[in-house]
Amino acid sequence: MNNYQATRNEQVIGQQSTALKLSATPQTNTPFFRFKPLALGILSILMLPAAYAVDYTNFEENGWSVGMNVGKSVARIEQDTIRNDLESQGFDVISVLEDRRSEGYKIFAGYQFNPYLAVEGGYFNLGGFPILANTLPLTDFRGKTKLFGWNLDLVGIMPFTEDFSGFARVGVTRNDTSNTYSSNGLVDVTGYNEDGNYTKHKYGLGLQYDISPIFTVRLEAERYRLDDLIAHSGDVDLYSLGLVLRFGETPSTYAATPAPEPVRRVEAVAAPAAKEPEVLVLEDVHFNFDTAELTPQTKVILREHVQTLKANPQARVRIAGYTSASGSAEYNQALSERRAQSIKAFLVQEGVASNRFKTIGFGQTNPAEYEANPSILRSDAAKANMRGLFEIIVE
């Protein structure tokens with residue numbers, strides 16, 4: 001082995017040791033940041049009992065929400081640009097080492113127009129990606145690219161069940177790319193340290209589950225298109241877990257009783273006979289098997305009820321939901337409550353004040369017809385029991 005080869009091997013070993021130090025160096029000065037995905041996951045699990053324990057019977061969502069996602073970002077970075085630049089300057093490039101993974105997060109606010117369409121916008125930070133070039137002669141050429149910016153997305157939602165759905169997003173981003181490079185003086189890093197600010201796009205897919213009417217947990221994957229990523233274009237993927245907080249209000253069930261007027265002296269007169277309460281009978285409505293969604297026929301009946309209720313503004317309504325005998329009692333109880341809520345939501349949407357309603361679910365109890373064989377899911381008796389009833393009194 002000649003002296004040149006021995007010297008070359010020593011330099012390679014020394015720079016490989018430097019590379020190991022790079023990979024072992026933490027990518028952030030805040031240790032907690034590296035544990036945000038785990039912390040958010042634990043927080044979501046701890047919130048489940050509290051989310052289910054709260055009574056959301058009369059909660060009315062107003063469409064607004066805020067949320068945060070944390071996870072891992074993966075950069076798709078090519079090495080040819082740096083390798084070619086160094087070789088054109090006369091350096092022998094042994095390897096270009098880079099860390100393509102980092103921590104990323106996003107904070108956003110959104111508005112949902114209907115069950116299928118929403119907009120979301122906010123701030124994202126995809127982390128930093130360090131790089132080290134091993135060269136002969138030794139240049140100690142190293143750097144880091146940080147990626148962050150703002151976004152506005154259009155989100156399409158596809159419900160699978162009452163609480164579980166998938167979604168897809170496409171959006172526009174305003175990106176900031178910060179490059180910080182250095183060497184031992186043999187390489188001019190001026191051109192590498194230029195920061196970028198530009199407009200690009202992003203898209204993604206995800207799944208979400210409503211643990212309550214207020215809290216939603218998300219799991220999603222997104223791709224951000226970027227420029228000036230180590231002097232050329234590239235993609236960064238963010239795989240993240242998120243928590244969404246939805247806003248709304250829980251109005252009182254009935255209007256407050258007005259204060260009594262002062263007692264006035266009047267002449268004694270014969271008291272009129274007490275007026276018997278007038279009872280309005282409204283036709284009950286029915287649902288399809290294992291769903292709280294209203295059918296077109298049900299909506300026709302409910303619109304007739306809307307006219308009756310508007311003509312009797314003093315009416316107070318209790319909406320009761322029921323199910324067939326198929327399934328567990330716990331599941332049927334929850335389904336009956338959702339059916340009552342679905343009826344209420346439609347009536348409110350049609351213009352009846354929400355404080356005139358109260359909802360309750362009776363599950364599979366008090367059936368309209370006896371189901372001799374509950375395993376027959378769509379028997380006439382089962383269809384009769386999958387219903388919503390109204391108790392309305394005008395005083």
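Reader: Where is Asp290 found?

Author: In this predicted model, Asp290 is found in the loop between strand S11 (285-286) and helix H4 (296-311).

Reader: What makes Asp290 count as partly exposed?

Author: Its relative accessibility is 40%. Buried requires under 20% and exposed requires over 50%. The value for Asp290 falls in between, and therefore Asp290 counts as partly exposed.

Reader: What is the phi of Asp290?

Author: Phi of Asp290 is near 55°, a positive value in a residue other than glycine. Most residues other than glycine have a negative phi.

Reader: Which value of phi does Asn366 have, and where is its place?

Author: Asn366 has a positive phi of about 50°, although it is not a glycine. Its place is in the loop between S13 and H6.

Reader: Which residues are in contact with Gly363, leaving aside its neighbours within four places in sequence?

Author: They are Gly321, Tyr322, Thr323, Asn332, Gln333 and Ser336. As for Asn332, it is 31 residues apart from Gly363 in sequence, and the two are 4.8 Å apart in space, C-alpha to C-alpha.

Reader: How many aromatic pairs are there?

Author: The count comes to 8 aromatic pairs.

Reader: Why is the pair of Phe141 and Tyr181 called stacked?

Author: Two values decide the matter. The ring centres are 5.7 Å apart, and the limit for a pair is within 6.5 Å, so the rings pair. The planes stand at 25°, and planes under 30 degrees apart count as stacked; therefore the pair is stacked.

Reader: What parts does the pair of Phe141 and Tyr181 tie together?

Author: Phe141 lies in strand S5 (residues 141-159) and Tyr181 in strand S6 (residues 164-182), so the pair ties together parts that are 40 residues apart in sequence.

Reader: How do you know whether Phe141 and Tyr181 are buried or exposed?

Author: Phe141 has a relative accessible area of 1%, and Tyr181 has a relative accessibility of 5%. Each value is under 20%, so both residues count as buried.

Reader: What makes the pair of Tyr322 and Phe362 an aromatic pair, and how is it classed?

Author: The distance is 5.3 Å centre to centre, against a limit of 6.5 Å, and the angle between the planes is 20°, against a limit of 30 degrees; therefore Tyr322 and Phe362 form a stacked pair. Tyr322 lies in the loop between strand S12 (316-321) and helix H5 (329-349), and Phe362 in the loop between strand S13 (357-361) and helix H6 (380-385), so this pair ties together parts that are 40 residues apart in sequence. At 7% relative accessibility, Tyr322 counts as buried.

Reader: Which residues do ring pairs link into a cluster?

Author: Ring pairs link Trp64, Tyr111 and Phe113.

Reader: How do you know that S6 and strand S7 pair?

Author: Pairing requires at least two bridges. S6 and strand S7 (residues 196-210) have 14 bridges, so the two strands pair, in the antiparallel sense. Within this pairing, Gly171 stands opposite Lys202 in S7.

Reader: How many bridges join S7 to strand S8?

Author: S7 and strand S8 (residues 215-226) run antiparallel and are joined by 9 bridges. Here Leu207 stands opposite Leu219 in S8. S7 and S8 form a hairpin, with 4 residues between them.

Reader: Which peptide bond is cis, from Leu136?

Author: The bond from Leu136 to Pro137 is cis, with omega near -5°. Pro137 lies in the loop between strand S4 (117-136) and S5. Most peptide bonds are trans.

Reader: What is the mean pLDDT of the protein, and where does pLDDT stay under 50?

Author: The mean pLDDT is 78, and 73% of the residues reach 70 or more. Over residues 1-35 the pLDDT stays under 50, and over residues 252-257 it is below 50 as well. Where pLDDT is low, the predicted coordinates should not be read in detail.

Notes:
Residues numbered from 1 in each chain as written. Predicted model: local features only at pLDDT ≥ 70, side-chain atom pairs only at ≥ 80, totals over all residues. Heavy atoms only, no water. pLDDT = per-residue confidence, 0-100. Contact = heavy atoms within 4.5 Å. Phe/Tyr/Trp six-rings, centres within 6.5 Å; stacked < 30°, edge-to-face > 60°. Buried < 20%, exposed > 50% of the residue type's maximum accessible area, 1.4 Å probe, protein only.
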